[in-house]
Amino acid sequence: MDIIKPIYTKVDPPEGYSAPGVFATTLDKVIGLARSNSIWPLPFATSCCGIEFMATMGAHYDLGRFGSERLSFSPRQADLLMVMGTIAKKMGPVVQQVYEQMAEPRWVIAVGACASSGGIFDTYSVLQGIDRIVPVDVYVPGCPPRPEQIIDGFMRIQDLVASEPLRRRYSQEYRELLIKYGILKEK
Ligand code: SF4
């Protein structure tokens with residue numbers, strides 16, 4: 001039986017200067033470290049991939065080991081939107097509204113083939129990937145992906161969160177990205 005060993009090791013410190021009794025680093029790195037180990041996910045689960053996420057949260061895989069046992073069903077207290085399952089075109093505006101209600105900084109994972117590309121449902125009614133309505137940071141392949149893959153995608157998000165410069169969300173590039181998705185209005 002494959003058993004994932006629990007991770008009880010402490011989190012590695014960010015790069016910096018250390019001497020006896022002294023450690024110096026940048027504010028970006030400290031905030032990135034704190035954020036990446038206390039992500040509050042909002043699970044937007046519509047079908048089978050959501051069941052894999054339930055297994056990911058269960059005792060065997062336990063996403064809580066990454067500081068994320070606190071799921072948020074309120075967008076205002078979430079910083080990671082996890083879209084898992086088939087998204088019908090009618091549901092697209094709802095996903096976008098949930099994203100808009102999340103405070104910055106926010107990240108998005110498309111879990112599974114349906115959320116990433118429409119999956120096997122190449123039909124008139126299914127959105128062919130959530131990146132048509134919201135910017136996606138990480139795609140997790142599979143139909144369905146196993147919990148190990150979801151955890152791997154989550155760890156890629158942690159890498160992004162830990163290394164994101166504080167100024168990114170105020171940059172012109174980010175602003176243009178949101179304008180492209182119709183989330184910000186052009187002035
Ligand atoms: S990717 Fe496969 S398992 Fe996941 S929601 Fe779509 S059909 Fe279901």
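**Close-up 1. D62 in the loop between α2 and β4.** D62 lies in the loop that runs between α2 and β4, where helices (H or I, at least four residues) and strands (E, at least two) are DSSP runs numbered from the N terminus. This is a predicted model, in which local features need pLDDT of at least 70, side-chain atom pairs count only at pLDDT 80 or more, and totals for chains, interfaces and linings use all residues. Residues are numbered from 1 along each chain as its sequence is written. D62 is not a glycine, yet has a positive phi of about 60°. Most residues other than glycine have a negative phi, and most peptide bonds are trans. D62 counts as partly exposed because 17 other C-beta atoms lie within 10 Å (buried means 20 or more other C-beta atoms within 10 Å of a residue's own, exposed 12 or fewer, and partly exposed in between, with C-beta atoms placed from the backbone).

**Close-up 2. The buried side of α2.** Look here for C49, E52, F53 and T56, the buried residues of α2. They span an arc of only 105° around the axis, so they sit on the same side of α2; the arc is that of the directions from the helix axis to the C-beta atoms. An α-helix has 3.6 residues a turn, so residues three or four places apart point the same way. The cover over the buried residues of α2 includes β3 (41-45), β4 (80-84), β5 (107-111), α4 and α5.

**Close-up 3. Where α2 packs on α5.** α2 and helix α5 (residues 147-163) pack at an angle of about 75°, and their axes are 9 Å apart. Axes are lines fitted to C-alpha atoms, for helices over the stretch in contact, and angles run from 0 to 180 degrees between N-to-C directions. That makes α2 roughly perpendicular to α5 (65 to 115 degrees counts as roughly perpendicular, under 35 as roughly parallel, over 145 as roughly antiparallel and the rest as oblique). On the α2 side you will find E52, F53, A55 and T56, which meet P147, I150 and I151 of α5; contact means C-beta atoms, placed from the backbone, within 7 Å. The residues of this contact divide into five nonpolar, one polar and one charged. Here Ala, Val, Leu, Ile, Met, Phe, Trp, Tyr, Cys and Pro count as nonpolar, Asp, Glu, Lys and Arg as charged, and the others, Gly among them, as polar.

**Close-up 4. The shell around the ligand.** S47, C48, C49, G85, T86, G112, A113, C114, G119, C143 and P144 surround the ligand, each with its C-beta atom, placed from the backbone, within 6 Å of it. At least two residues of the shell come from each of α2 (48-57) and α4 (112-117), and α4 gives the largest share, three residues. By class, the shell holds six nonpolar, five polar and no charged residues.

**Close-up 5. Two cis peptide bonds.** C143 and P144 are joined by a cis peptide bond with omega of about -5°, and P144 lies in the loop between β6 and α5. The bond from E104 to P105 is also cis, with omega near -5°; P105 is found in the loop between α3 (92-101) and β5.

Close-up 6. V126 touches T86, A88, K89, G118 and F121, not counting residues up to four places away in sequence. D122 lies in the loop between α4 and β6 (138-140) and is exposed, with 9 other C-beta atoms within 10 Å.

Note on methods:
Two residues are in contact if their C-beta atoms, placed from the backbone, lie within 7 Å.
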